[in-house]
Amino acid sequence: MAKLKRLVLHCTATPEGRAVSSDDIRAWHTNPVSKGGRGWRQVGYTDMIHLDGTVERLVENNENDIVDPWEITNGAAGYNSTSRHVVYVGGMDKQNKKAMDTRTPEQLEAMEAYVKDFHQRFPDIRIVGHNELAAKACPSFDVQKWLKSIGINQ
Ligand SMILES: [Zn+2]
């Protein structure tokens with residue numbers, strides 16, 4: 001058990017407008033490598049924001065600031081025991097060639113509500129993009145800039 005230190009925002013790195021189900025994500029992450037998965041014990045994210053703005057819980061979470069072993073998800077190697085991960089569906093252009101902020105108006109609204117609720121409950125816990133922890137494009141937008149634009153100063 002460890003103190004929660006950050007909320008990490010991710011994208012599924014899938015083409016703009018293409019729906020992804022929680023079963024898809026679970027298969028990508030937890031299927032054995034021999035079957036094309038990553039072979040992880042647990043899916044990478046606590047919550048998933050669908051194209052229509054629906055927030056789906058993937059892994060149980062008791063909503064406090066301690067990360068219990070059963071709450072750990074595998075979104076960012078080296079940081080998982082002290083992180084919570086949330087993902088939006090999208091993050092690539094239609095041709096699946098280039099990282100792009102593809103958040104729909106509904107996803108933007110849902111993500112804003114999500115981070116504002118989180119920030120209100122845990123004002124001292126940093127909200128970051130995956131690309132601030134690793135050399136990746138994920139989540140395909142500048143999280144710090146976006147947070148400022150919605151009035152979150154951390
Ligand atoms: Zn990521």
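My entries on the sheet and the core follow.

Ground rules first. This is a predicted model, where local features need pLDDT of at least 70, side-chain atom pairs count only at pLDDT 80 or more, and totals for chains, interfaces and linings use all residues. Residues are numbered from 1 along each chain as its sequence is written.

Sheet. I traced an open, mixed sheet of five strands in the order β5-β4-β7-β2-β9. Strands here are DSSP runs (E, at least two residues), and helices are H or I runs of at least four, numbered from the N terminus. Two strands pair if DSSP finds at least two bridges between them. β5 (55-57) and β9 (126-129) are at the edges with a single partner strand each, so one side of each has no neighbour in the sheet.

β2. I checked both of its partners. β2 (residues 6-11) runs parallel to β7 (residues 83-88) over six bridges, with R6 opposite S83 and V8 opposite H85. β2 is also parallel to β9, through four bridges, and there V8 faces V128.

Is β2 buried or exposed? Five of its six residues are buried, so β2 is largely enclosed by the rest of the structure. Buried means 20 or more other C-beta atoms within 10 Å of the residue's own, exposed means 12 or fewer, and partly exposed is in between, with C-beta atoms placed from the backbone.

Core. A nonpolar core is a set of buried Ala, Val, Leu, Ile, Met, Phe, Trp, Tyr and Cys residues joined through C-beta atoms within 7 Å. The largest one has 23 residues, and Y88 is among those touching the most other members. β2 gives the largest share, four residues.
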